[in-house]
Amino acid sequence: MRDENSGDAQGPGRDGTGPVIPPPRTQQRPAPPVVAEPAPPAQPPRAPGPQTPEPQTQGPQTSGPRIPAPRTDAEPPPSSSGPRPSSAPRSGFATTNPANPDPVLAGGFPDASAPGASPDTSAPSIPAPRHPSAGAGPSAGPAPDASAPGTASAPAAPSPAGAGSGGNGRSTLFPGTDLTQLRFAGYNFGPQGEPAQLSIAATGDGSLLLRWEPVEHAAVYRVVASDEQPAPSPDIADVVAVTEESSAVDASVPRTAMRHFQVWRYDGASVPEVTSVQPVLHAQGRITLGVRNAHVGVDVAQVVGKWNVLPGIRRVHIYRARPAEAAHALGDPRFAVAASSPSLQGFQDAGTEPGERYVYQIVAEDTDGRTSDPHTVVLQIPVVLSPVTDLRFVLTPGETPTFDLEWTPPRYGRVEIFRSSRPPASGLGEEAMSAGRLGPGSGLEAEDMLPYPVEELEDGRRSMREVPWPHDWTRAYFTPVVYDGDSVFVGTTVHGQSVSPVREARLAERVGRKIVSFAWPRGADVVRLHRTNLGGTAESALQSPPVQEIDESVYRERGGMPIEGHEERAGATFYLVSGLFSGGELITSAPVRLDCPPLTQLRYEIDWDLEGGTPCGRVRVLAVQEDLHTQVAFVLVHNEGRMPLHKEDGHRVALFVPLPQGWQSLPRFQPGVVVGAQRWQEAPVVTFAAGVEGYPQQGFVRLFADLDPEAMRGVALLDPDVRVMRVDLALSHLAARLQQAQAAAEQAAAQAGPQGSQRAAPEAGSGQRRRWGFRRG
């Protein structure tokens, strides 16, 4: 931090171009009289007569810098004594925002004896093309007389971004006026009062921020700069900005280490007043620039520094101290390094200790004896690292496995343990190297570093206890890395193994076939399935060979683990175990249990008939094996658009059973005994109507067990041929058979004559049965 009221400050290198300073006029013309008119409320004073037009710009106006178009005219080469290019304005400060390509410097270095010096943050860059400045180069027309009072100087070239208020050259005092186009009267050399102190501070982008106390009345400030000595006239200095504000930014490239700034004030309530009045030296300040492009580091066993200095620097002082002493080391000969050398290009220091941290402060001294702010570098002197080679890994099994690590700490550096799913890249542990080599591609990522606390054991070793094993990992690699600053040494890697159990296991049962599905354990080679009686333990199941073993490729190809050939009418319990082969041995996980409850297998049949001339369907339920005494109820569901998928997927069809007094309608039926398929004629039959209003005429019918979802897991009801489940197809077959029967009856009646016709008519009536359907078994 610096005192903003100080005039001596340190700043960084700067780049950019600015407004061109014209040569002084040799002929003068009296300024037009100014007519004072009262300004309207809330409006700034405005000069009478035509206003200076605003410069035309391309594209929208922005608050940032604009790059000027390249000049095509010949430009004079730079001169250490002549005027130099001024900076282009930046937003609010009438200067550009220069590039800062070199972030190595931590700041510029103003005179340490003058409060308010600021650090340098940039490296020197190539200067922009130079424009002719005041007093140099040809001008159009005869040069006006600079000594004639009240005459304006020759027009200045427009600033690339517009110097002055707001960073775009527009005036708030004189609306419509571009301050970059003002022609100031030539300066008449004469005594000036004591100017105020100019505050100079370095900004983060490498430029210098200039600030001063403004006056209360209307005025325009012309900020200029010069090397080595203050300029006696604003007309022969580099113009930094023309502004109505109380600040400006200098972003030009320095040529010497000493830089002087002046703020000239032009008082006036109108443009003619401002351009005709003699300026007042309002504020001034001085800056001393320090070392440039500084690079300080450790090479083998010594500290080496290298830099450049600007003309005007006669010596560079280097001070080295530990952090606790750095606050009072500056200027103390006890902390001086290379004191016998001017050190204008750098230094060497072999007096450091390995493993220690030092603060280096580098100060430039100019020919006037003024010094810059220190360029500060903090260095950690590296040590010779040794790797950890005895890391030990111990796994503790359990529901959530954990592991312990132990190792011997090296003499220097801190030890970090990396846990990764793959071994680190080869060649990392051959020697100490930069920490930048760790990361992507090395197998040692930052997120792999274990954050658990380290304990010191009685024998001096270190330990990390009860670290959880990563979820779904089967192998883990543990690598110790010794850190010292930016240097690392990768130690010997050890690895451990642990197989995760299967997760999300499900058993889908079909008649005569079962499918087990699960999330394949990451890294497992195989998964085995063991069987035991329903409710049996894992120990009893694992004593027998697996009923199924499958690897990942076959599992994914089949979409699961099929179990075929096992009719589990009494139920069974299965155990899934994942395995990993290592060194010819199978490492297994904890078993996962799956219960298969008893399964009742049923099937049903549908046939179609005509009852009293009305189409109807008949349903019977049969057991797949032997007779079953069950309490299962059944419902018939009709869906006009598609096959019903469950018992609520459509409308329930009324079922009828014959009674001595007639038919009885039931919403569902529950047979007391379900006979086997070989005795299908003895199975109870229920009937439903079709083909008439209020009953199924198209679509599908399907029988469902009327059970809750949990009970349904123990019942398998097999459907008949899908053709007999389709209502419209069944009705068309019945209609076709009825027509065939009627046609046959009519033909027989015709052949038999009148008496035969009377006998054949009842045979073709509605009482004749015409069945159509399919039966299994």
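Biologist: What makes you say that the charged end of Arg 419 sits over the ring of Trp 473?

Modeller: This is a predicted model, so keep that in mind throughout. The charged end of Arg 419 is 6.0 Å from the centre of the Trp 473 ring. The cut-off is within 6 Å of the ring centre and within 35 degrees of the ring normal, so the pair gets the label. Arg 320 has its charged end over the ring of Tyr 358, 5.8 Å from the centre.

Biologist: How many aromatic pairs are there?

Modeller: The count comes to 16.

Biologist: Why is the pair of Phe 403 and Trp 469 called edge-to-face?

Modeller: The ring planes stand at 90°, and over 60 degrees counts as edge-to-face, so that's the name it gets. The centres are 6.2 Å apart, and the limit for a pair is 6.5 Å. The pair links distant parts of the chain: Phe 403 is in strand S18, while Trp 469 is in the loop between strands S22 and S23, 66 residues apart. Both Phe 403 and Trp 469 are buried. They also belong to one aromatic cluster with Phe 393 and Phe 478.

Biologist: And why is the pair of Trp 520 and Tyr 555 called tilted?

Modeller: Its planes are at 40° and its centres 5.5 Å apart. Stacked needs under 30 degrees and edge-to-face over 60, so the pair falls into the rest, which is tilted. This one links distant parts of the chain too, with Trp 520 in the loop between strands S27 and S28, and Tyr 555 in helix H3, 35 residues apart.

Biologist: How do you know whether Trp 520 is buried or exposed?

Modeller: Buried means under 20% relative accessible area. Trp 520 has 11%, so it counts as buried. Tyr 555 has 7%, so it is buried as well.

Biologist: What about Thr 288: buried or exposed?

Modeller: Thr 288 is at 0% relative accessibility, so it counts as buried. This residue lies in strand S9.

Biologist: What makes polar contacts with the side chain of Thr 288?

Modeller: The side chain of Arg 286 does, at 2.7 Å, and so does the side chain of Asp 366, at 3.1 Å. The cut-off is within 3.5 Å, so both distances pass.

Biologist: Why is Cys 596 called buried?

Modeller: Its relative accessible area is 0%, so it is buried. Cys 616, at 4%, is buried too.

Note on methods:
Residues numbered from 1 in each chain as written. Predicted model: local features only at pLDDT ≥ 70, side-chain atom pairs only at ≥ 80, totals over all residues. Heavy atoms only, no water. Helix = DSSP H or I, 4+ residues; strand = E, 2+ residues; numbered from the N terminus. Buried < 20%, exposed > 50% of the residue type's maximum accessible area, 1.4 Å probe, protein only. Polar contact = N/O pair within 3.5 Å; in protein donor to acceptor, adjacent residues only side chain to side chain. Phe/Tyr/Trp six-rings, centres within 6.5 Å; stacked < 30°, edge-to-face > 60°.
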